[in-house]
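Please view the sequence and the model together while reading.

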Amino acid sequence: MAAGQQEEKDKLIEAVLKVLKMNPRFSKIEERNVKRILRKLDLEDLVYLANVFDVFTEWLSAREQRGQASAGTTM
């Protein structure tokens, strides 16, 4: 595997882990195991998965903002 492709995979893996780390129960052991699994994926599959997690993060952020906005209007 080319060094550039490995760097790209590492960035995508970190993007997925960033979302998983939002859960306080996501442990270092789980992180290591998930990394091992994600490294086995083809680059195309990893790109797809990272995009899915990105969309999920955007949805969570929008939901959180709506919740804060509605909480602010009830006071």
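## Basis of the model

The model is predicted: local features need pLDDT of at least 70, side-chain atom pairs count only at pLDDT 80 or more, and totals for chains, interfaces and linings use all residues. Residues are numbered from 1 along each chain as its sequence is written, and side-chain values use heavy atoms, with hydrogens and water left out.

## Helix H1

Helix H1 comprises 18 residues, 3–20. Helices are DSSP runs of H or I with at least four residues, numbered from the N terminus. At 1.5 Å a residue, H1 should span 26 Å, which agrees with the 26 Å between its end C-alpha atoms; the expected span is 1.5 Å times one less than the number of residues.

Buried residues in H1 are Lys-9, Leu-12, Ile-13, Val-16, Leu-17 and Val-19. Seen down the helix axis, they fall within an arc of 155 degrees, so they line one face of H1; the arc is that of the directions from the axis to the C-beta atoms. The face turned away from this buried side carries the exposed residues Ala-3, Glu-7, Lys-11 and Lys-18. Buried means under 20% relative accessible area, exposed over 50%, and partly exposed in between (1.4 Å probe, protein chains only).

Leu-49 belongs to helix H3 (residues 43–73) and is partly exposed, at 25% relative accessible area. Beyond residues up to four places away in sequence, Leu-49 touches Val-16, Leu-38 and Leu-41; contact means heavy atoms within 4.5 Å.

Glu-31, in helix H2 (residues 28–39), is buried, with a relative accessible area of 10%. With residues up to four places away in sequence not counted, Glu-31 touches Leu-17, Lys-21 and Phe-26.

Conventions: Helix = DSSP H or I, 4+ residues; strand = E, 2+ residues; numbered from the N terminus.
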